[in-house]
Amino acid sequence: MSEIAKLELNGTTYELPVIEGTENEKGIDIGKLRGSTGGYITIDPGFKNTGSTKSAITYLDGENGILRYRGYSIEELAEKASFLEVAYLVIYGELPTTEQNEVFTHSITNHTLVHEDMKQFFEAYPAKAHPMGVLSSMVCSLSTFYPESLDQDRDEEAIDLTIHRLIAKLPTLAAWSYKNSMRHPVVYPQNDLDYCENFLSMMFAMPTSEYKVDRTVVTALNKLLILHADHEQNCSTSTVRLVGSSHANLYASISAGISALWGPLHGGANQAVIEMLEQIHNDGGDVDKWVAKAKDKSDSFRLMGFGHRVYKNFDPRATIIKVACDDVLDKMGVDDPLLAIAKKLEKVALEDEYFKARNLYPNVDFYSGIIYKAIGIPTEMFTVMFSIGRLPGWIAQWKEMRENNEPIGRPRQIYTGYNVRDYVSIEKR
Ligand code: MLT
C-alpha cells in the first residue's frame, strides 16, 4: 500500500501522496498543496529538502558514498570506460554498442572545428578575461551560428546534431580561450586523436612543437571527466533545467550552466583549492598553523576542498581520483611546493580526529585541482575542465526535462517587504 503523509493545518487534515523512487527514496508530493490549502506553500531556501524533478539519470546516496550513472557505478565506469562512452550512456540511457560507439565518436570527432568567424570573438576579449566568462559567452554564441537550434520542436535528429556539436566543440572553445589569454596562435583540433588527447594537444601543442601524449595524463583526464559527468540536481544542473524549462535553446541553457558552475561554492572550488595552497605557501608554508586556523571557530579561514554538501562520510569520486592523482604525481615527478603542502594537508585531514569527526575528508575538487596543476593546466582553467566533464550531464538533464514535457520552473516566495504605501513626491522625501 502506498504511503500517505498527513498535514494538519488550522484543524483540517490534508492528505499528501508519497512518491517512491527505484532506490526507495521517498518524497511528499506537495504539487496540489497551494490550491487545496487556499494559498499555503512550503519554504526551503537552497532547496535542500525539495525534489525539483523525477530523474532516471544519476543515483546518489550521500550517506553511503554511492554514485551511479544509469545504474552503473562510477568506480566501474572510471576504471573501464572512455569519457565518450560515458557521455553516450548518460545522455541516451544505455552504453553504446560497438556500432553506436563508432557513429557517435565519428560524429563528435568531425564537429570539433569551430567557425573561423568565432576566432575573432576570442581576439576581442582582453587577455586577462577569465576563461569561464569566455566559455559561457562562446557557448551561447554557438546558437547564433546554428539558428535552427532555436526551434524547440525540432526532430530528434536535429537535437542530436546540437548535442554532438556541443560535446565536440567545448574542448576546442576551452583550449582556444586559454591560447588567446596568452596571445598564442590557436591549435586546430586533430581528428586522429581521441577526445582527451585532442584537448591536451590543443592546450599544449605550439606551432614549434607537437604535444607528446602521456598515457598517465590521458588516463587521469579521462577518469576526471567521467567522475564529473553528472551529479544529479546540483546548482548548475538545476540551472540548466530551469533555463531550459522556458524552452530556451540548448546552447543558451548550457551557457547558463557554465555560469552557475563558475562560482567558488560550486565548480570554482578546484580553483579555490590552489589559491588556498598559494596563500599557505606565501605565508611561509606552515601547514600546522593553517590547520589550527581552520579549527579555530573565531577565525574566518576555512579549508577549501574538504567535505561535501551531500556526501556525509566520503566522496566516492575522491577515492577513485586520489589513486590517479598519486600516479600522475609519481609519473611526472613534479617538484612543486604547493603540491607538497597539499600532501601534508591531505595527511592531516585523513588522520586528525577533528577533521575525521566532522567528515572533512579531501573531496574531488581537492584532488582534481592537484592533478590539473601537476599536468600544467593553469588555475583559471580548472573550472573549465569541470565544465567539459559535466557537459553530458547537463545535456542529459535538459533532454530528460524536454522529453517529460516538464512545466516552466516557477518557484513561489514569502514576501517580507513593505505593505502598500503612498508615493511621496521627490521634494518631500
Ligand atoms: C558537483 O559535482 O556538482 C558538486 O560536487 C556539487 C554538488 O553536487 O552539489
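**Close-up legends**

**View A. Tyr 69 stands opposite Tyr 72 in strand 6.** This view of a predicted model shows strand 5 (residues 66–69) and strand 6 pairing in the antiparallel sense over 2 bridges, where helices (H or I, at least four residues) and strands (E, at least two) are DSSP runs numbered from the N terminus, and where two strands pair if DSSP finds at least two bridges between them. The model is a predicted one, in which local features need pLDDT of at least 70 and side-chain atom pairs count only at pLDDT 80 or more, while totals for chains, interfaces and linings use all residues. Residues are numbered from 1 along each chain as its sequence is written, and side-chain values use heavy atoms, with hydrogens and water left out.

**View B. An open sheet of 3 strands in the order 1-2-3 has antiparallel pairing.** Strand 1 and strand 3 are the edge strands, each pairing on one side only, and the twist averages 30° from one strand to the next; angles run from 0 to 180 degrees between N-to-C directions, and axes are lines fitted to C-alpha atoms, for helices over the stretch in contact. Strand 1 (residues 4–9) and strand 2 (residues 12–20) pair over 6 bridges in the antiparallel sense; Lys 6 has Glu 15 of strand 2 as its bridge partner, and Glu 8 has Thr 13 of strand 2.

**View C. Two hairpins link the strands of this sheet, one of strand 1 and strand 2 and one of strand 2 and strand 3.** The hairpin of strand 1 and strand 2 has 2 residues between the strands, and Asn 10 takes a positive phi near 50° there. In the hairpin of strand 2 and strand 3, with 5 residues between the strands, Asn 24 takes a positive phi near 70°. Strand 2 and strand 3 (residues 26–28) run antiparallel and are joined by 3 bridges, and Glu 20 has Lys 26 of strand 3 as its bridge partner.

**View D. Helix 7 (residues 156–181) and helix 8 (residues 195–204) have axes that come within 8 Å and cross at roughly 20°.** That angle makes helix 7 roughly parallel to helix 8, since angles under 35 degrees count as roughly parallel, over 145 as roughly antiparallel, 65 to 115 as roughly perpendicular and the rest as oblique. Residues of helix 7, including Ile 167, Pro 171 and Trp 176, meet residues of helix 8, among them Tyr 195, Phe 199 and Met 203, contact meaning heavy atoms within 4.5 Å. The residues of this contact of helix 7 with helix 8 divide into 11 nonpolar, 1 polar and 1 charged (Ala, Val, Leu, Ile, Met, Phe, Trp, Tyr, Cys and Pro count as nonpolar, Asp, Glu, Lys and Arg as charged, and the others, Gly among them, as polar).

**View E. Helix 12 (residues 269–282) and helix 17 (residues 364–374) have axes that come within 8 Å and cross at roughly 70°.** Ala 269, Asn 270, Val 273 and Ile 274 in helix 12 meet residues of helix 17, including Asp 365, Phe 366, Ile 370 and Tyr 372. The residues of the contact of helix 12 with helix 17 divide into 6 nonpolar, 3 polar and 2 charged.
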